[in-house]
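Please open the model in a viewer and prepare to select residues by number.

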Amino acid sequence: MPELPEVEGVVRALAPNIEGKSILEATLSETVCEAHRQGKQCIVKNMEPADFERKMRGMTVKKLSRRAKYIFFDLEKNNETFLMVNHLGMTGAWFIVQHENEILEEKFRNHIHAKFSLSTGELLIFSDIRRFGEFRLLGTIDEHPPLLQMAPEPFDDQALDYFLEKCGLPKYKNKPIKEVIMDGQVISGCGNIYATEALFRAGVHPARKAGRISKKRKIDLFEAIKNVLSEGIEMGGSTISDYRNINGEAGGMQHRLKMYGKKVCPNCSAKTKSMIIAGRTSVYCPKCQH
DNA sequence: TAGCGACACCGGTCGC
DNA sequence: TGCGACCGGTGTCGC
């Protein structure tokens, strides 16, 4: 499950390998094409697969960057600029190979949904087991309004004030804090794993209402979120199920997780509890988190 | 009209 | 061994 640190790792690995290169050919899988024929927006959103393939052909990758959990491809063709936005969904992964046989794990090899032949002869491959990933080819970012609603990057200077302000809004103040910090309009890139960890580190109960937490504790929580996210980036991400970097390697952050998926609290040895918040499993320590 | 909840999208994994 | 239930990030739809 890629969250901000995993996506950051993908971008850092991918960028030096594809920036400046051109896409000679783009091919989507038969699965994607067939799903579109059935009226589903499978992986490629708001565009017919054939259109996507045609438009991607001849694009030069000017720059690769991350925004929240999205990968932004700044593209150029015939002096016109485009933005290709990619989300990894639950199980998306990128590979750069000479041949798809180099993808060692069968489950990734069996679910290749987009292939881009690069000017260097390499193949840039997007594999996605559950097909929750997405591609949107845009002229500019405002063609997809939800992207404009995203909170600032957690490492930006204004992110803390933005978070504190949002917590006080009627829309959020009566919601469980875990639901609030996982909302991309409040904090960018904080998914279930890192939210669970940050709440544990800050000693905040996941179900506590956002409006019932002191400013000081909210600031502590925000710092904890930034810390787990940067630790995640340093460790190359968490590999909980299907996340792989572009070399097919797993990350190391899962070994640093103290609460996500744990049965016993590492601080006080109490049995952890879990509850469903906003439809997601939330693990916490009933003694350490209030 | 804005806001919110329900639902759709999938296949690996787990438990019965 | 086989089958059904479950899980989850995001957008969209309908109330």
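Begin with the surface near DNA strand C, where "near" denotes a residue with a heavy atom within 4 Å of the strand. By class, this surface has 4 nonpolar, 5 polar and 4 charged residues; Ala, Val, Leu, Ile, Met, Phe, Trp, Tyr, Cys and Pro count as nonpolar, Asp, Glu, Lys and Arg as charged, and the others, Gly among them, as polar. The model is predicted, with pLDDT of at least 70 required for local features and 80 or more for side-chain atom pairs, whereas totals for chains, interfaces and linings use all residues. Residues are numbered from 1 along each chain as its sequence is written, chains are lettered from A and ligands numbered from 1 in the order in which they are written, and side-chain values use heavy atoms, without hydrogens and water.

Of the 13 residues surrounding DNA strand C, select the closest: Tyr70, His87, Arg130, Gly279 and Arg280.

Next, display the polar contacts (pairs of N or O atoms within 3.5 Å). Tyrosine 70 places a polar side-chain atom 2.8 Å from a phosphate oxygen of DNA strand C, and for histidine 144 the corresponding phosphate distance is 3.4 Å.

Finally, select the surroundings of DNA strand B, including Lys40, Ile129, Phe132 and Lys171. Its phosphate oxygens lie 3.4 Å from a side-chain N or O atom of lysine 107 and 3.2 Å from one of histidine 111.

Notes
Polar contact = N/O pair within 3.5 Å; in protein donor to acceptor, adjacent residues only side chain to side chain.
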